[in-house]
Amino acid sequence: MSNLIAPSVLAADFANLQRDIEMVNNSEADWFHIDIMDGVFVPNISFGMPVLKAIAKHATKTIDVHLMIVNPDQYIQTFADLGADILTVHYEACTHLHRTIQAIKDAGMKAGVALNPHTPIAVLEDIIEDLDLVCIMSVNPGFGGQSFIENTYKKVSQLKHLIDFTESECKIEIDGGVTSYNANALIEAGANVLVAGSFVFGSENPTQTIADLKKTIE
C-alpha cells in the first residue's frame with residue numbers, strides 16, 4: 001500500500017483558490033483534503049457546498065472530504081453530488097454510525113471515520129471492516145496550525161494492530177500538525193495518508209514541500 005500526501009485546502013489562500021488547486025494538481029500530492037466545519041461540532045466555520053463545488057470543478061485528484069459537522073447524515077448525498085470521492089464523518093457526531101457508513105457507500109463514495117484526540121481506537125472494533133479510512137486527529141479539530149499531539153503515535157500503532165487483526169484494507173490517515181519532522185515516524189507507526197495544511201501552504205515553495213514530504217515517506 002503506497003503512502004499518500006493530502007494537502008489540506010483549509011490552509012490555502014482563499015483569494016487565490018484556483019491557483020492553489022492547480023498547484024496541488026501539478027504537484028506530487030495524491031489527494032485534496034477538504035475540511036467542512038459548521039461552527040457547532042467544532043468552534044470554527046470553514047466553507048460549504050459552493051466552495052467545494054468550485055474546488056471539484058478544477059481538482060484532478062481524489063477529493064477527500066472531512067465533515068466536522070453535526071447531523072452529517074442529512075448531507076451525504078449532497079457531498080456525493082458535489083464530487084466527493086471519500087467522505088469522512090466523526091465518530092463523536094454519529095449516533096448510528098453503521099447506518100451512516102452504509103449510506104455513504106450507497107451514495108457511491110468511500111467511507112471514513114474520524115476520531116478526536118480523546119476518543120480511543122477500541123470504539124472502532126465493531127465497524128473497522130466496513131471502513132475504507134480512519135482519520136486520527138492529531139490536533140483538536142477546528143483550527144489549522146496547531147501543535148501535534150504526541151499520543152498520536154500510540155493510537156496509530158493500536159489502529160494498525162486492529163486493522164491487521166481483522167484483515168481490513170482500511171487506510172490510516174493523520175490530520176493535524178504533520179511536518180517533515182514527524183512524517184516518517186507516523187508512517188513507521190502504521191499510517192499511510194498524511195494530511196498537511198499549514199506546513200505545505202505556508203511554505204515558500206509548496207510544490208517542493210510536497211515533493212520533499214513524499215520523498216520522506218517513500
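**Figure 1. Packing of helix H4.** The buried residues of helix H4 pack against helix H3 (76-81), strand E4 (86-90) and strand E5 (110-115). The model shown is predicted: local features need pLDDT of at least 70, side-chain atom pairs count only at pLDDT 80 or more, and totals for chains, interfaces and linings use all residues. Residues are numbered from 1 along each chain as its sequence is written, and side-chain values use heavy atoms, with hydrogens and water left out. Helices (H or I, at least four residues) and strands (E, at least two) are DSSP runs, numbered from the N terminus. Helix H4 spans residues 97-106, and its buried residues are Leu97, Thr100, Ile101 and Ile104. Viewed down the axis of H4, these buried residues fall within an arc of 100°, so they line one face of the helix; the arc is that of the directions from the helix axis to the C-beta atoms. Arg99 and Asp106, on the other side of H4, are exposed. Here buried means under 20% relative accessible area, exposed means over 50%, and partly exposed lies in between (1.4 Å probe, protein chains only). Just after H4, glycine 108 adopts a positive phi of about 95°.

Figure 2. Helix H8 comprises residues 206-216, of which Pro206, Thr209, Ile210, Ala211, Leu213 and Lys214 are buried. The partners of these buried residues are strand E1 (4-7), helix H1 (17-25), helix H6 (183-189), strand E8 (193-196) and helix H7 (198-201).

**Figure 3. The annotated active site.** In an unreviewed UniProt entry, the annotation "active site" covers Asp35 and Asp175. Although they are spread over 141 residues of sequence, these residues cluster in space, with a largest C-alpha distance of 10.2 Å. UniProt positions are given in the numbering used here, feature names are shortened, and annotations may be inferred rather than shown by experiment. Aspartate 35 lies in strand E2 (residues 31-37) and is buried, with a relative accessible area of 2%. Not counting residues up to four places away in sequence, aspartate 35 touches Ser8, Leu10, Ser46, Phe47, His66, Met68 and Asp175; contact means heavy atoms within 4.5 Å. Aspartate 175 lies in strand E7 (residues 171-175) and counts as buried at 8% relative accessibility.

Figure 4. The "binding site" feature of the unreviewed UniProt entry is placed at His33, Asp35, His66 and Asp175. Histidine 33 is found in strand E2 and, at 0% relative accessibility, counts as buried. The side chain of histidine 33 makes a polar contact with the side chain of aspartate 35 (3.1 Å), and a polar contact of 3.2 Å joins the side chains of histidine 33 and aspartate 175. The side chain of aspartate 35 also makes a polar contact with that of serine 8 (3.2 Å). A polar contact is a pair of N or O atoms within 3.5 Å; within protein, one must be able to donate a hydrogen and the other to accept it, and residues adjacent in sequence count only if both atoms are side-chain atoms.

**Figure 5. Two loop residues with positive phi.** Most residues other than glycine have a negative phi. Asparagine 71, although not a glycine, has a positive phi of about 50°. Asparagine 71 is placed in the loop between strand E3 (62-68) and H3 and is partly exposed, with a relative accessible area of 47%. Glutamate 167 likewise has a positive phi, near 60°. Glutamate 167 is located in the loop between helix H5 (152-166) and E7 and counts as exposed at 70% relative accessibility.
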